[in-house]
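Biologist: Please take a close look at the annotated site in this model. Which residues does UniProt list for "binding site"?

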Amino acid sequence: MTTAEQNPLRELSPQDLRAHAAEALTRARARSLVLTDVDDETLTTQHSKLMSPLVWDLAHIGSQEELWLVRDVGGREPVRGDLDEIYDAFLHARADRPSLPMLGPEDARGYVREVREKSLEILEKVPLSGRRLLADAFAFGMITQHEQQHDETMLATHQLRQGDPVLHAPNPPKSAGPLPSEVLVPGGPFQMGTSAEPWALDNERPAHETVVEAFFIDTTPVTNGAYTEFLDSGGYDDPQWWSEPGWAYRQDNGIVAPRFWKREIDGWWRTRFGVYERVPAAEPVVHVSFYEAEAYAKWAGRRLPTEPEWEKAARFDPASGRSRRFPWGDDEPREEHANLGQRHLRPAEVGAYPAGASPLGVHQLIGDVWEWTSSDFHGYPGFAAFPYREYSEVFFGPEYKVLRGGSFGTDAAAIRGTFRNWDYPIRRQIFSGFRCARDAGPGEID
Ligand SMILES: [Fe+2]
């Protein structure tokens, strides 16, 4: 096993590193502004108890940026110290946020603009070394990812919102052709996590050797077409497929199909960003909870992959023994690799991204839909919280399941082969899907 990892930002001159960070910040902001370019009522309404009003997310993005880039990195005076408490996500549950004395639309836009001007000035001047927060412009990368994560959250708010469509995007590419249903991943050690990825967050670190047994994994995420067979065979009415907490959740909440689906006389339909449409059979299923994913897998005679299995399928290159940054290699994601960045407002058909396949031939691991794994969220051996415990450590434990790979709503700068997301097993307003796995039998490994 080779453990050499490259830091792709180390080759950049200080000037190019600053330009790289500024470009990432600017791209995140462009998307935030599209998502909040709606009338004041849409911006200030709480569209679901699960979400904040969009205008809260917008000013919260500015508040986090002020705390880390303006005050901590830049050593400057507060822009609006009076806002810290209102926009502290740990102090206020989403359901309670509408009652906060938050900034109105114009003030929120003005606030994030002012903070951003200062951050970019600081980025030009501050030495990008000396402190761990500054090396590789980490703090700027962390704040970029924070903004992009809120862009995905705001996209989920748009999906929950009632009314006519306000977001528009072209459709993703079609399938390039049929693929084998599953891929054998060899047993043995591989390098999981990272110690070199410059903008990796604390929970992705450090790189460590992990061993998995040989297993099979689905070549692509489970499609709507396959999922409909589970639905139509009565899968939601048969407790044998569900775990005990999963069945209780399904019963207590009257769950009968993926979120946003509705049965019509001619089959299943769904609402997608205000458009009512027939469920497309060839796209990965999205808006399913962990419990639904787990029940489908059992019905199909399979199981969900563990987190190490998912990462090995995504990163392991059997030719070199190395773990790649992305399934396709070490290059940053390009359009042909994956459905990312809200370029399209839906997952792409399975088989649509042959250039994004992993060396083992597993497709669409990055982009399209977040994939539930069977693993709880824990720190890796040698985990150290950075830069603050509330980023990840306070969430470690059995209440959260890990999701991998990002969705069409995730930006390229906020996803990589090592990136870990986590959520409650009941969650499905997120862009969550899954793929299945199974143990390899003795006669199947050569
Ligand atoms: Fe946040």
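Modeller: The answer begins with the annotated site and then turns to other parts of the chain.

This is a predicted model, in which local features need pLDDT of at least 70 and side-chain atom pairs count only at pLDDT 80 or more, while totals for chains, interfaces and linings use all residues. Residues are numbered from 1 along each chain as its sequence is written.

In an unreviewed entry, UniProt lists His-60, His-146 and His-150 for "binding site". The three are spread over 91 residues of sequence, yet they cluster in space, with a largest C-alpha distance of 10.1 Å. UniProt positions follow the numbering used here, feature names are shortened, and annotations may be inferred rather than shown by experiment.

His-60 belongs to helix H3 (residues 54-73), and His-146 to helix H5 (residues 138-160). Helices (H or I, at least four residues) and strands (E, at least two) are DSSP runs numbered from the N terminus. A residue is buried if 20 or more other C-beta atoms, placed from the backbone, lie within 10 Å of its own, exposed if 12 or fewer do, and partly exposed in between. His-60 is buried because 24 other C-beta atoms lie within 10 Å, whereas His-146 counts as partly exposed because it has 19 C-beta neighbours inside 10 Å. Apart from neighbours within four places in sequence, His-60 is in contact with Tyr-87, Ala-89 and His-150; contact means that the C-beta atoms, placed from the backbone, lie within 7 Å.

As for helix packing, the axes of H1 (residues 14-35) and H4 (residues 105-125) come within 10 Å and cross at roughly 165°. Axes are lines fitted to C-alpha atoms, for helices over the stretch in contact, with angles from 0 to 180 degrees between N-to-C directions. H1 is therefore roughly antiparallel to H4, since angles over 145 degrees count as such, under 35 as roughly parallel, 65 to 115 as roughly perpendicular and the rest as oblique. The contact is made by Arg-18, Ala-21, Ala-22, Leu-25 and Arg-29 of H1 and by Arg-116, Ser-119, Leu-120, Leu-123 and Glu-124 of H4.

Finally, helix H9 (residues 307-315) is mostly covered, with eight of its nine residues buried; among them are Trp-310 and Ala-313.

Note on methods
Two residues are in contact if their C-beta atoms, placed from the backbone, lie within 7 Å.
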